[in-house]
Structures are given as structure tokens and as C-alpha cells.
Amino acid sequence: MAEYKPKNILVTGAAGFIASHVANRLIRNYPQYKIVVLDKLDYCSNLNNLRPSQSSPNFKFIKGNIESADLVNFILLTESIDTIMHFAAQTHVDNSFGNSFEFTKNNIYGTHVLLEACKVTGQQIKRFIHVSTDEVYGETDEDALVGNHEASQLLPTNPYSATKAGAEMLVMAYGRSYGLPVITTRGNNVYGPNQFPEKMIPKFILLAMRGESLPIHGDGSNVRSYLYCEDVAEAFETILHKGEVGHVYNIGTDKERTVLDVAKDICRLFSLEADQAIKFVENRPFNDQRYFLDHQKLKNLGWSERTTWVEGLKKTMEWYLSNPDWWGDVSGALLPHPRMLMMPGSERNASDVGILAASHVENKSSHKGMVIPVPKTNPTNQKPLLKFLIYGRTGWIGGLLGKLCEKQEIPFEYGKGRLQERSQVLADIQSVRPTHVLNAAGVTGRPNVDWCESHKPETILTNVVGTLTLADVCREHGLLMVNFATGCIFEYDDAHPLGSGIGFKEEDKPNFIGSFYSKTKAMVEELLNEYDNVCTLRVRMPISSDLSNPRNFITKIAKYDKVVNIPNSMTILDELLPISIEMAKRNLRGIWNFTNPGVVSHNEILEMYKKNINPNFKWVNFTLDEQAKVIVAPRSNNEMDASKLKNEFPELLSIKESLVKYVFEPNKKSFTA
């Protein structure tokens with residue numbers, strides 16, 4: 001069979017790990033081929049990965065999303081593409097458990113867009129190489145002596161592999177129905193230079209470089225096969241030229257290793273004691289025990305693995321030692337169970353496409369052959385590692401978040417738009433281009449929640465409509481929204497009695513409807529459950545070290561003529577707001593009781609106040625019934641279970657310890673001198 005000779009190749013996802021090695025290899029070895037690379041520059045993409053090719057005359061980079069049909073059609077036609085090598089995909093299994101819809105959109109819908117564009121061009125496309133994964137076969141029996149072959153049944157077990165299997169079905173259908181010349185590959189794990197450290201081998205190497213422990217999911221007995229990146233790039237070169245249309249090719253190795261063995265080998269490279277360096281952590285859901293491939297079909301085309309495990313691992317270690325800052329701040333990726341944010345590199349609409357199609361200009365300030373939609377946001381078209389868009393500038397928490405960002409040198413901007421105005425929120429996001437959105441805006445009352453009782457439309461507009469609008473726009477743009485909510489949606493009841501130590505959990509349904517403010521917050525929290533891009537933080541009776549702030553719970557009750565004396569869960573902002581920023585970095589989602597563990601009563605706080613701040617301070621208690629006569633709306637009193645937050649942040653102090661450390665000790669001298 002004659003070898004296939006392409007002319008103009010489109011490589012999708014080419015700023016990612018495997019595709020960049022393939023693109024660089026083809027550009028280097030075949031100067032007669034024009035290589036057009038398309039990438040949206042997601043969190044695990046990096047233009048530096050294409051640095052070896054950026055001065056080559058047969059290289060062109062276009063920033064864009066495969067989900068944009070207009071852009072894909074435009075590229076195929078204007079670049080006379082005859083070959084597509086489709087690598088672009090969300091690939092990290094851990095992410096797929098928390099953001100499965102993004103995997104469906106990228107892996108299935110994105111592939112469908114490409115296929116449809118190929119169909120529209122008629123006979124222009126001569127090869128469509130679809131890159132899949134060995135995980136579509138599902139788990140291999142532990143005692144199996146023969147690996148899965150290309151005709152084996154597809155039995156995916158996690159959202160990631162399910163979307164890859166779904167994409168394969170589309171590819172196969174377009175091959176059969178429209179005669180599209182498709183080839184599919186299914187590969188083992190790949191490792192080597194440039195790999196984003198959410199994957200195990202680069203993660204373990206970077207952790208070892210930092211002197212930190214190596215976290216292993218479960219007991220480490222899971223078996224995997226690993227191929228060095230340059231061997232895999234050679235495999236794709238072989239399949240491109242010799243692969244037969246309509247066929248599937250496994251890219252694999254006979255050599256298998258347990259996760260524990262890999263960790264031990266990395267420990268040996270760094271002269272670490274494995275027993276001390278390795279720690280075992282909670283297993284991830286559906287962690288398949290083994291993937292094993294039969295790759296004889298590819299070997300028959302003339303390909304074979306060249307790089308030994310020892311040699312490849314050593315090369316990889318040396319590269320990371322020489323390039324420790326290649327990916328910038330990767331602390332979120334180095335966690336045992338990372339949830340990296342999946343940020344689109346361009347908007348999913350035709351506006352950017354139109355700019356590209358109309359201008360088609362080369363970026364004069366960058367490398368030759370790089371085509372990027374204008375106007376561009378920065379000289380490298382790289383998204384910042386972190387950039388926060390914060391709502392609630394004039395609020396207490398919003399203001400403190402800005403100060404924390406300044407202290408941590410995190411770029412941020414405050415939102416200018418009104419949350420209930422969708423067009424204004426869109427303008428903010430398009431202008432700021434954030435990596436995360438922090439929402440501390442909301443109506444809490446002026447001076448307290450009683451105000452909401454007589455201003456219900458305004459309260460609904462901000463607390464419900466505005467919050468949902470922001471969440472929806474963020475979801476459209478692949479953005480995580482950290483939403484500062486309230487725990488004042490619960491009240492002590494028979495299942496959670498006062499003084500029992502039984503707190504309300506994240507999954508409990510709100511039971512307090514005494515105030516309209518609380519009603520709106522409970523309502524929006526339930527509706528936000530439909531959004532998988534939201535991290536809801538339930539704040540309660542916030543306290544800070546700034547005792548001059550009138551919104552501080554301590555400042556409030558110290559000025560009351562009378563106070564009730566009921567134990568409550570509370571939030572020490574000095575300790576917990578930095579944790580909220582860390583939660584954003586970790587891309588944590590879902591509902592969190594954002595309080596310090598335990599409860600503290602009004603009298604206990606005022607006793608501390610008297611002891612540390614004002615020894616002459618006096619106060620009087622009154623009952624809930626007496627309190628009800630002087631307030632418009634009842635107040636929520638409850639204990640919240642903070643064990644979920646404590647498990648994620650073991651250093652979190654109990655409410656009383658935190659009060660002492662963050663509030664009363666720092667103020668003691670200045671107030672008693």
C-alpha cells in the first residue's frame with residue numbers, strides 16, 4: 001500500500017502535551033508539509049510547547065476553539081486543509097467527575113463540529129485522524145494475558161472515557177455514512193517533557209523537587225502502561241503515512257507498572273526514602289485497576305517502542321529540573337485530587353471568528369507564522385495564571401478580598417456591571433478576561449436584614465436574579481464562580497437540637513424562613529445546584545480583627561443595649577477568606593459550610609471582649625421573645641457542621657481558638673495600653 005502524503009495538516013489542541021510533540025516532529029521532519037495548529041490555550045496548554053517550531057516557515061498558529069463551527073470551516077477552506085489530526089480534548093479524569101458537561105461539550109460536540117466541517121468541504125479532507133484513549137475499553141481483567149485489541153468492546157467507566165467513546169461513535173458514523181476517511185487511535189499513558197503536572201509522573205517529579213510527599217490514590221496497586229512522548233509522536237507519524245482508512249490502531253507497550261512502582265522509581269531518582277516520601281490518599285471514584293493493549297497492528301506498520309522506562313524517566317526528570325517554572329504556579333495541580341479549571345481560550349461565538357476571518361493578520365510582535373484573533377489581550381496571548389473578577393467592591397467581604405489579592409499579588413479587577421443586567425456582566429468578563437469570578441455582592445440590609453422586609457423586589461433582584469445571571473454567564477464562559485452565601489438559612493430543630501453538637505450539613509435542606517433575606521438566599525442556593533461551575537460558601541455572623549468595622553458581629557453586639565445568649569456557628573474572616581482564595585485556586589465546587597468548627601455564644605464572645613479589650617464593659621441579656629419585640633424579622637440561630645471544610649483544610653481552627661488567635665490577641669495591646 002502506497003504511503004499517504006499530506007500537504008496541509010490541521011493539528012487541533014497542538015499547544016497541549018502530546019499534540020505539541022507530534023506537531024514539532026512533523027514540522028521538523030517534513031518541511032514540505034504546512035502545519036496549521038489550532039488551540040484555545042486552555043489551562044494545560046502552553047505556547048512554549050511549540051517554541052521549537054515558531055520560527056519555521058511551515059508553521060502557523062491559530063488561537064481558537066474547535067466548538068466554533070465558523071472558525072473551523074474558515075480554517076479548512078482558507079488553509080486548504082487536506083488532513084486533520086484531532087488531539088483537542090479534555091483529558092484529566094479527576095476533572096471529569098466534577099465538570100462532566102465540559103467534557104461532553106469539548107470531546108463530543110467539538111469533534112462533531114470538526115466532522116461536520118469536513119463533510120461540508122466535500123472531498124477536500126483525505127485523512128481525519130481521531131485521537132482517542134485506551135480507557136474506552138474499560139478495565140482489563142487483572143489476570144488477562146492478552147490486551148484489548150482494536151475490535152474489543154468499548155466499556156468506558158468514567159465521564160472522560162465515556163465522552164471519548166461517544167466521540168469515536170461519531171467518527172465511525174461519519175466514516176460510514178459520508179465516506180470521510182477516518183482513522184482512530186487508542187493509546188496508553190504518555191509521559192515526558194512539557195506535560196502539565198495534573199498527570200501523575202510530572203506531578204510526582206515536581207513534588208519530589210520541592211521535598212513534598214507523593215500522594216497515591218488508594219493502595220497504589222493500579223496497573224498502567226507508559227510510553228515516552230517522542231515514541232508516541234513517532235507512532236502518529238507512522239499512522240499518518242501508513243495507517244489504513246477506516247481502521248483503529250492501538251498505541252501501546254507490553255510493559256506494565258503499578259502506580260506504587262512508578263512512585264518508588266521517582267523516589268530513587270531523587271534519592272528519597274520511599275516509605276517516608278510516599279503517602280496514600282483517598283482513591284478517586286471508579287479508578288480502573290488495569291488498562292492493557294494489544295498493539296501488534298501498529299507494530300505491523302513498522303513502529304516499535306524505542307525509549308526504555310529508565311531512560312525516559314531520567315530524561316523527563318532532567319527536563320523538569322531545567323524548566324521548573326514552565327507552567328508557572330501549579331500548586332493547584334499538585335494536590336492529591338486536583339480540579340483544574342477548564343478555561344476556554346476564546347469565546348464560543350462567531351464574533352472572534354469574524355475578527356480572525358476578516359483580518360487574518362499575523363502577530364508582528366510574536367513569532368513568525370502565528371495567527372491570532374485581534375484585538376489580543378496580551379503580547380503572548382497567554383491567559384494569566386490567575387486573575388479574579390470580584391463583585392461587591394463596596395461590601396465588607398468584597399473589599400477584604402481585594403486587599404487579600406493585593407497581598408498575594410493576584411491580579412484582580414472589580415466588576416462594574418449590575419449583576420441583574422446580563423449584558424453588563426458579559427461586558428465585564430470580556431473586558432477583564434478572568435480565570436475566576438468571586439461574588440461577594442448581595443443585599444443584606446441597611447443596617448440589617450429588617451430592611452429586606454420592606455424592600456422585597458430589590459432584595460430578589462440582587463440576591464436571586466443577579467446571582468443566577470452571574471452563574472449562568474460564568475458557566476457559558478467556562479468560569480468557576482465562588483459565591484459568598486449565608487448559613488442563616490437554618491434554625492435549631494428536633495434533629496439538630498441546641499447544645500447537641502449536631503450541626504447542619506451541606507446537603508441539609510434549609511428550614512429557616514423567618515426573614516425575607518433568608519428566603520431569598522435559600523431560594524438561590526437551591527437554584528445554584530443546577531450549576532456545576534459554582535462554589536457556594538455559607539458564611540455566618542462574620543467576624544474580623546477590625547473591631548472598628550460596624551459590620552463586624554463583635555462590634556455590633558458590643559453596642560447593643562441587650563443581647564440574646566445563644567451558641568452559634570460563626571465565620572472568622574481573617575482565617576477563612578484566605579482559604580476561600582485557596583478554594584478558588586483548587587477549583588472546588590459545590591456547597592461548603594464556611595464557618596469555623598464548633599459554636600460560640602454571645603456571652604462567651606463578650607466575656608473575651610471584656611477580658612482583652614475593655615475590662616469595664618457590661619451587658620445585659622434578654623430572651624428571644626423579648627428580642628422579637630424590637631426587631632422586624634426573626635434571626636437565625638444554628639450550628640453548622642464544618643467537617644467537610646476541615647477535611648479539606650486540616651489546619652482550620654475551632655471558632656474559639658480562631659477568635660483568640662485572629663481577633664483578640666492582635667487587638668489586646670492596642671486596646672488595653
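Student: How many residues does helix H7 have, and how far does H7 reach from its first C-alpha to its last?

Tutor: Helices here (H or I, at least four residues) and strands (E, at least two) are DSSP runs numbered from the N terminus, and the expected span of a helix is 1.5 Å times one less than its number of residues. Helix H7, residues 229-242, has 14 residues and reaches 20 Å from its first C-alpha to its last, close to the 20 Å expected at 1.5 Å a residue. This is a predicted model, in which local features need pLDDT of at least 70 and side-chain atom pairs count only at pLDDT 80 or more, whereas totals for chains, interfaces and linings use all residues. Residues are numbered from 1 along each chain as its sequence is written, and side-chain values use heavy atoms, with hydrogens and water left out.

Student: Is H7 mostly covered or mostly exposed?

Tutor: A residue is buried under 20% relative accessible area, exposed over 50% and partly exposed in between, with a 1.4 Å probe and protein chains only. H7 is mostly covered, since 12 of its 14 residues are buried, and the buried residues include Asp231, Glu234, Glu237 and His241 along with Val232, Phe236 and Leu240.

Student: At what angle do the axes of H8 and H11 cross?

Tutor: Axes are lines fitted to C-alpha atoms, for helices over the stretch in contact, and angles run from 0 to 180 degrees between N-to-C directions. Angles under 35 degrees count as roughly parallel, over 145 as roughly antiparallel, 65 to 115 as roughly perpendicular and the rest as oblique. The axes of H8 and H11 come within 11 Å and cross at roughly 60°, which makes H8 oblique to H11. Val262, Asp265, Ile266 and Leu269 in H8 meet Trp309, Leu313 and Met317 in H11.

Student: Which residues make the contact between H14 and H16?

Tutor: The axes of H14 (residues 422-432) and H16 (residues 456-476) come within 10 Å and cross at roughly 45°, so H14 is oblique to H16. On H14 the contact is made by Arg422, Val425, Leu426 and Ile429, and on H16 by Thr469, Leu470, Asp472, Val473, Cys474 and Glu476.

Student: What is the phi of leucine 41, and where does leucine 41 lie?

Tutor: Most residues other than glycine have a negative phi. Leucine 41 has a phi near 60°, a positive value in a residue other than glycine; leucine 41 lies in the loop between strand E2 (34-39) and strand E3 (59-63) and, at 4% relative accessibility, counts as buried. Asparagine 587 also has a positive phi, near 55°, and is placed in the loop between helix H19 (573-585) and strand E21 (590-593).

Student: Where does methionine 640 lie, and is methionine 640 buried or exposed?

Tutor: Methionine 640 lies in the loop between helix H21 (624-628) and helix H22 (643-648), and is buried, with a relative accessible area of 2%. Leaving aside neighbours within four places in sequence, methionine 640 is in contact with residues including Phe490, Phe504, Arg538 and Arg540.

Note on methods: Contact means heavy atoms within 4.5 Å.
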